[in-house]
Amino acid sequence: MLKIINLTKTFGDKCAVDDLSLHIQSGEIYGFIGHNGAGKTTTIKACCGIMDFDSGEILVDGVSIKKDPLACKSKIAYIPDNPDLYEFMTGIQYLQFVADIFKVSKQKRSQLIEKYADVFLLTQDLAQPISAYSHGMKQKLAVISALIHEPKLVIMDEPFVGLDPVAAHSLKQIMRGICDNGGAIFFSTHVLEVAEKLCDKVAIIKEGKLIKSGTMEQVRGDSSLESVFLELEEDDA
Amino acid sequence: MLKALIKKQALELMSFLFKSAKSGRRRSKGSILLYSVLMIYVAVVIGFMFFSLSITLCSPLVSGGLDWLYFSLMALFATAFAVIFSVFATQSQLYEAKDNELLLSMPIKPSMILFSRMLTLYLQSLFFEALILIPALAVYYSVCGFSLYGIILLFVIPLLALSLSCILGWIVAILSSRIRNKSAVTVILSLIFLAVYIWSYSQINKYISMIITNAQQIGQSFKNVFPLYQLGRAFVGDIADFILITAMVLVLFAAVYAVLSKSFIKIATAKHAAAKRRYVRRELDTKSVGSALFRREWRRYLSSPTYIMNCSLGTLFLAGAAVYVLIKGSYVRQTLASIYNFNSQFQSITPLIVAAIICVIATMNTITAPSVSLEGRTLWIIKSLPVNSADILSAKLKLNLFITLPFVLFASASAVAVMRFNLFSSVMIFVIPLFFAVFIALFGLAVNLRFPNFTWSNETVLIKQSMSVTVSIFGSWGIMLLLGVLSYFALLVIQPVFIMSVIAVVLVITDIMLWRWLMQKGAKMFDKL
């Protein structure tokens, strides 16, 4: 579903992502782990077509994001780490806008907005302006907007930050549901327990370079993901 | 502790001088000096304005025995001036101060926080009142000699303005937090303020003459208006009225201060939530991608009074000019006829001048100039969605044209209807402003793609002072000036009809080229943002 091939991105002299290759297949929840500034957000933004990159290739369902960004974006949903949404819209207006862009039919959007707004307990607040939303409510709205066009690939940057325990639990279930239906999830997180419980595969990145990847069992072996992560950080230091 | 609080308030008050609102960084010494000179210049200009007013009013009123009326009027102006400028400061420094909760969490008495805030607000009111009262007193003393009452009242009257500002600021804070459509209310109030300002400015001389000519009658009427009569008499030295006015002001201020001091914690931490709107499930409509993008721009525009008032004033003035020309049609025709009698050649260039006037007014609509930068921190949304950049730019252009073109056409139609030009000139009066307005929209967007800014924290600074808006406004004026100069020299050798045709053709070609550039290269530039 998502192939990252020898991705390299530099900012001036700093190499944010260095020759990174990853392959996320349909049905997989793929965790992306690394310390602050490791290059996770840069990689994620490049995969969503938000940020240009210097070399390498990114394929979404076999289509190059460089050559046909619109075709790729129509299959992707992106949830950023900090949900800055249009504060001049109400929640429902924002969802309607996203649904219009993805050309979601009238029946489908009604059904999916109703479903996910109920799941995230946001239905009553949909008529409120987004400027009146708390951080958590904005995060929920960003998640709902990502789900209402039934994407094949969901790319998320720290999706659980700001979500209450109930919403985080619901999101985990939804993530699993998407993968069970043939979709794929690629997300970054600092919460290693979440990654350990939720992910089928995981990749650890440091200073833009991939230092370990594979199935959860391959990466952690007999220890916990946390010990592996700390060990790798120390080894590399 | 109080000293530290006052120092903090003073730093906050003067921060605009030392810190750039745009970057948040400390200004350079040269910049501080420049701003200081500018502020002093503005104060001197306002002071001089009221000095002239004082000179005009003082002698006639004093010679008529109405020196109290002179002070009633000047004190009334000063208080109104101070209240208008202080009411929003009261709101931001007292009721909605960002550091209220932080300071209340520290071991500081709430009364001390309030006192430091009130002191700063008093100094602000004193400054605004002094701009009017110092020239007024200076003129009066030069005519009638010095007296101490006026000087004392100069320091007492700001307490009245401060008390009124506190009361009004409280009402504004409550209303602004409870009103759902703040944007519309702000725009309507701003328009009313603008209309009143323009009207007052145009009528001021008439009213000053009226006051001077009918001073005795106005004085008689004022005598019945409590406490204006007493206020005027207090300034001229009537001890009873001086005590009465001073006592009234002090009592009012003490009452306001007592109420605030008693309820400061409640006020400072109050959250006046707007009535919550519950979502009611309904059938959802669908829109095409183009309509959805246009709607997004439209909603952004309507949500920001700053955007509306600063970037579409042209619409207001075009509508105003069109209505004025229609109402005063016969007067416009008579004026033109008298000019034609004096200079018959003027008749042939009138259509060119009319088209130029409409174009100049249309340059005030700079909606596209900050439109790319306004994406700000939400740029990720549109960039992650499957939308062509050309469609995004088109939606921004459409908004500008939607708000500008109908009014350009209205202004052209009213000019043509009233001034009765020949067919060709009439067509040109439609064509030139129409394509010039399209050019302004295209030009603003192109400039913003060249000078984007997504790191702003203050929308007002972006809309009023950003590089793209500045370049767009001055660039369009420069182009107008260039066209004017070229037309002036061309008129020496060719007919105005020919010049208008050339301008129209140049504008059409420029618009097409700029449009193509935006849809191709401009879209690629947007992709790379």
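## Basis

This is a predicted model, in which local features need pLDDT of at least 70, side-chain atom pairs count only at pLDDT 80 or more, and totals for chains, interfaces and linings use all residues. Residues are numbered from 1 along each chain as its sequence is written, chains are lettered from A and ligands numbered from 1 in the order in which they are written, and side-chain values use heavy atoms, with hydrogens and water left out.

## Cavities

The structure holds 2 cavities of 30 Å³ or more. A cavity is a set of points, on a 1 Å grid over the protein atoms alone, where a 1.4 Å probe fits but cannot get out; lining residues have an atom within 4 Å of a point. Points are joined across faces, edges and corners, and volume is the space filled by probe spheres set on them.

## Largest cavity

Two or more residues each come from β6 (76-79), α3 (91-101) and α5 (135-147) of chain A, and from α17 (379-384) of chain B. Helices (H or I, at least four residues) and strands (E, at least two) are DSSP runs, numbered from the N terminus.

The lining counts 10 nonpolar, 3 polar and no charged residues. Nonpolar means Ala, Val, Leu, Ile, Met, Phe, Trp, Tyr, Cys and Pro; charged means Asp, Glu, Lys and Arg; the others, Gly among them, are polar.

## Second largest cavity

Here the space is about 30 Å³. α5, β7 (153-157) and α6 (165-180) of chain A each supply at least two lining residues. α6(A) gives the most, with 4. The lining includes Ile79(A), Val154(A) and Leu171(A). It comprises 9 nonpolar residues, no polar and no charged.

Technical notes: 1 Å grid on protein atoms, 1.4 Å probe; cavity = no way out; pocket = protein on both sides within 12 Å on 5 of 7 lines; lining within 4 Å.
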